[in-house]
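Please look over the structure below before reading on. The report then walks through selected parts of it.

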Amino acid sequence: MSYGPVDLTYTAAEQRYAKVPYRRSGNSGLDLPAFSFGLWQKFGTDYPFATQREIILHAFDLGITHFDNADRYGPPHRAAQKNFGRVLAKDLAPYRDELILSTKAGNPIGPSPYLKGGSRKSLLTSLEHSLRDLGTDYVDIFYHHSPDLGTPLEETVGALAGAVQQGKALYIGISNYLPDRAHEAAELLREAGVPLLIHQARYSIYDRRPEQNGLLDTARRDGFGAIVYSPLAQGLLTDKYLERIPEGARAADSTFLSPDAIDETYRRRTAELNKIAAARGQSLAQLALQWVLRRPEVTSALIGASSTAQLDHNLAALEFPEFTDDELALIDEHGIHGTGLNL
């Protein structure tokens, strides 16, 4: 597939592999950066493309080789993939072999029954569109975005395995599955000769479901990695909301975070976590990112950014010493599952 004209004014930083450690995904042979970059938000048509391009290229210069996308990301749907495809064509095409590009299908992107779910038609048709959006012949990881209990798991797994067998994906992932279904999918994929590479789940100090429901244990037993999203709990695990909701903040207009979540209980607990971070010489965001990476089952944590400075700040979480047992106990005391998330 042609990437179109390449702007040779961009040259990747020579020392890009010196900053971010890489971790093996489960029992596979694939290493992923400790932080991967997610295009879930702020990469649609509602943000300047020049800013998006600057952030993507800066991430690659810092050693972030994994860029996570989905057919649903926008707005509108598919816009984030198309925007990344523009950067790939213009700047990153010479580095395609150094990139891990992932996409997902299965969450609704339209009223048609074929624009959602886990059927063979829905998944493979979406993948074809995603390849065109991105301007590449293959993705490195293809995910089923959410479980579809109305479709036989054998059909969903067969479609995912088929994507690899057709050369349109190198690895397979699943997202938002509960442990029992994740285990069943892993077994079916193993039988098909396409082992499950990774599971993507929401995980943070305030959302501990992957460790409470046994998903991380399942990952270890079945040999797949875990990549976690929303490690900052949509901004709740920062100092942004300690006093008020700033104008333009995500809690003011996001469908994923309600202003009602910013109550006194949330502020009290978050203030205590902020004190723990300050005592370590880091920000609360850096503490929260470091915390999800403490688990050996977690291959990578997905981060986003609205600026290169924010990206630099988040990556600095890798520079701090490991938590002591006392610090982890304090985090457990104040970082109570469900805080601010209405779980």
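## Two buried residues

S204 counts as buried, at 1% relative accessibility. Buried means under 20% relative accessible area, exposed means over 50%, and partly exposed lies in between (1.4 Å probe, protein chains only). S204 sits in the loop between β8 and α6 (209-212). Helices (H or I, at least four residues) and strands (E, at least two) are DSSP runs, numbered from the N terminus. Leaving aside neighbours within four places in sequence, S204 is in contact with S230, P231, A233, L237, W291 and V292. Contact means heavy atoms within 4.5 Å.

T299 is found in strand β10. T299 counts as buried too, at 2% relative accessibility.

## About the model

This is a predicted model: local features need pLDDT of at least 70, side-chain atom pairs count only at pLDDT 80 or more, and totals for chains, interfaces and linings use all residues. Residues are numbered from 1 along each chain as its sequence is written, and side-chain values use heavy atoms, with hydrogens and water left out.

## The whole chain

The protein chain has twelve helices and ten strands. Its radius of gyration is 20 Å, close to the 20 Å that the globule rule gives for 343 residues, so the chain is as compact as a globular protein of that length. The radius is taken over C-alpha atoms, and the rule is 2.2 Å times the number of residues to the power 0.38. Along its principal axes, the C-alpha trace spans about 50 × 50 × 40 Å.

Buried residues make up 55% of the 343 residues. The chain exposes about 14,700 Å², and carbon and sulfur atoms supply 51% of that area. Accessible areas come from the Shrake-Rupley method with a 1.4 Å probe; for residues, only the protein chains shown count as cover. Now take contacts between residues at least 6 apart in sequence: 77% of them join residues at least 24 apart.

## Nonpolar cores

How many residues does the largest nonpolar core have? It has 90 residues. A nonpolar core is a set of buried Ala, Val, Leu, Ile, Met, Phe, Trp, Tyr and Cys residues joined through side-chain atoms within 4.5 Å. F37, F67, L92, F142 and L311 have the most contacts inside the largest core. Helix α10 (residues 284-292) gives the most to this core, with seven residues.

L311 touches F37, I55, H58, A59, L62, I64, I303 and A305, not counting residues up to four places away in sequence. A second, separate core has ten residues, including L30, L32, Y143 and L197.

## Helix α5

Helix α5 covers residues 179-191, which is 13 residues. At 1.5 Å a residue it should span 18 Å, and its end C-alpha atoms are 18 Å apart, which agrees. The expected span is 1.5 Å times one less than the number of residues.

The buried residues of α5 are P179, R181, A182, A185, A186, L188 and L189. They pack against α4 (153-165), β7 (169-175), β8 (196-202) and α7 (215-222). G193 follows α5, and its phi is positive, near 80°.

## Salt bridges

Side chains of opposite charge can pair when their charged atoms come close. A search of the whole structure finds 19 salt bridges. A salt bridge is a side-chain nitrogen of Lys or Arg within 4 Å of a carboxyl oxygen of Asp or Glu. One of them joins D140 and R96 (3.0 Å, N to O). D140 lies in strand β6 (residues 139-144) and R96 in the loop between α2 (79-92) and β5 (100-105), so the pair ties together parts that are 44 residues apart in sequence. D140 and R96 are both buried.

K168 and E128 meet in another salt bridge (2.1 Å, N to O). K168 is in the loop between α4 and β7 and E128 is in helix α3 (residues 120-134), so this pair ties together parts that are 40 residues apart in sequence. K168 is partly exposed, at 23% relative accessibility. E128 is partly exposed as well, at 28%. Elsewhere, R208, E211, R294 and D332 are linked in a network of salt bridges.
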